[in-house]
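Reader: I would like to learn how to read some features of this model. Where do we begin?

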Amino acid sequence: MSEEADKAGLTATEKNLIRNTWALVKQDVPGNAYDLFIRFFDENPTYQQLFKSFKNVPKSELRGNKKVLAHGTNVLYAISMLVDNIDDTEVLVEMLTKLGRNHGNRRISYDMFVNLEKTLVGLLADKLGPTVMTQDAVNAWKKTYGVILSVLKPGLESPDAD
Ligand code: HEM
């Protein structure tokens with residue numbers, strides 16, 4: 001599996017683009033946590049039902065709901081851990097395999113992870129604007145997300161394995 005991650009061979013420039021753009025997202029974790037989830041549910045309206053703790057919260061009340069914030073913060077920090085370990089393929093593979101298994105156990109599908117890419121890259125582009133989220137930065141994120149998908153896929157599809 002680590003072959004998948006190594007094969008991707010993110011360049012030093014691409015890694016820096018990921019680190020630098022993510023550092024800006026981290027400056028406003030609560031705002032971006034809400035925005036990520038609200039955008040994800042706007043683009044994929046059926047997904048809110050998967051989140052037990054806030055599945056019944058009306059769409060207009062998602063922003064400001066502490067359960068949404070708690071979960072969104074969790075997810076942003078999980079992404080931060082991935083970004084912080086971007087130079088350590090083995091650690092990344094461990095984290096992503098675990099993420100895949102956790103989510104496979106919850107019956108989250110590969111397609112749902114695929115759909116998160118559009119939300120995440122779209123959010124970064126809108127928040128940071130084209131002078132920061134340049135085409136190179138967009139490409140670096142797409143490439144990175146492709147690696148994330150390929151590494152977590154086996155765990156997602158065999159969730160109960162060790
Ligand atoms: C990079 C992508 C993702 C990251 C980093 C991430 C991270 C997390 C984290 C940290 C948790 C809570 C801790 C845990 O129990 O594992 C969680 C739970 C969960 N995630 Fe994700 N996730 C991602 C993608 C997705 C996707 C695409 C879906 C599909 C809709 C999803 C659905 C869920 C659900 C339903 C839960 C359980 C929520 C609850 O407790 O009610 N996640 N995720």
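Author: Begin with asparagine 105, which is found in helix α5. This is a predicted model.

Reader: Is asparagine 105 buried or exposed?

Author: Count its neighbours. Asparagine 105 has 12 C-beta neighbours inside 10 Å, so it counts as exposed.

Reader: How far is asparagine 105 from valine 68, C-alpha to C-alpha?

Author: Their C-alpha atoms are separated by 21 Å. Along the chain, the two are 37 residues apart.

Reader: Which residues of α5 are buried?

Author: Leu92, Val93, Leu96, Leu99, Gly100, Arg101 and Gly104.

Reader: Where is arginine 107?

Author: In the loop between α5 and α6. It comes just after α5. Arginine 107 counts as exposed, because it has 10 C-beta neighbours inside 10 Å.

Reader: Now the ligand. How many residues surround it?

Author: There are 18. The closest are Leu50, Lys52, Ala78, Asn102 and Met112.

Reader: Which helix gives the most to the shell around the ligand?

Author: α4 does, with five residues. Three helices, α4 (66-84), α5 and α6 (110-128), each supply at least two residues of that shell.

Reader: How do the residues of the shell divide by type?

Author: Into 11 nonpolar, five polar and two charged.

Reader: How do I describe two packed helices?

Author: Give the angle between their axes and the distance between the axes. Take helix α2 (residues 12-25) and α6: they pack at an angle of about 75°, with axes 11 Å apart. Angles of 65 to 115 degrees count as roughly perpendicular. So α2 is roughly perpendicular to α6.

Reader: Which residues of α2 and α6 meet?

Author: From α2, Thr21, Leu24 and Val25; from α6, Leu124, Lys127 and Leu128. By type, the residues of this contact divide into four nonpolar, one polar and one charged.

Reader: How far is valine 151 from glycine 122 in space?

Author: The distance is 22 Å, C-alpha to C-alpha. In sequence, valine 151 and glycine 122 are 29 residues apart.

Reader: And a residue between the two cut-offs?

Author: Turn to phenylalanine 41, found in helix α3 (residues 29-43). Phenylalanine 41 has 18 other C-beta atoms within 10 Å, so it is partly exposed.

Reader: What does phenylalanine 41 touch, not counting residues up to four places away in sequence?

Author: It touches Tyr47 and Gln48. Compare its position with that of lysine 59. Phenylalanine 41 and lysine 59 are 18 residues apart along the chain, and their C-alpha atoms are separated by 8.7 Å.

Notes
Residues numbered from 1 in each chain as written. Predicted model: local features only at pLDDT ≥ 70, side-chain atom pairs only at ≥ 80, totals over all residues. Buried ≥ 20, exposed ≤ 12 C-beta atoms within 10 Å, placed from the backbone. Helix = DSSP H or I, 4+ residues; strand = E, 2+ residues; numbered from the N terminus. Near = placed C-beta within 6 Å. Nonpolar A, V, L, I, M, F, W, Y, C, P; charged D, E, K, R; others polar. Axes fitted to C-alpha atoms, helices over the stretch in contact; angles between N-to-C directions. Parallel < 35°, antiparallel > 145°, perpendicular 65-115°, else oblique. Contact = placed C-beta atoms within 7 Å.
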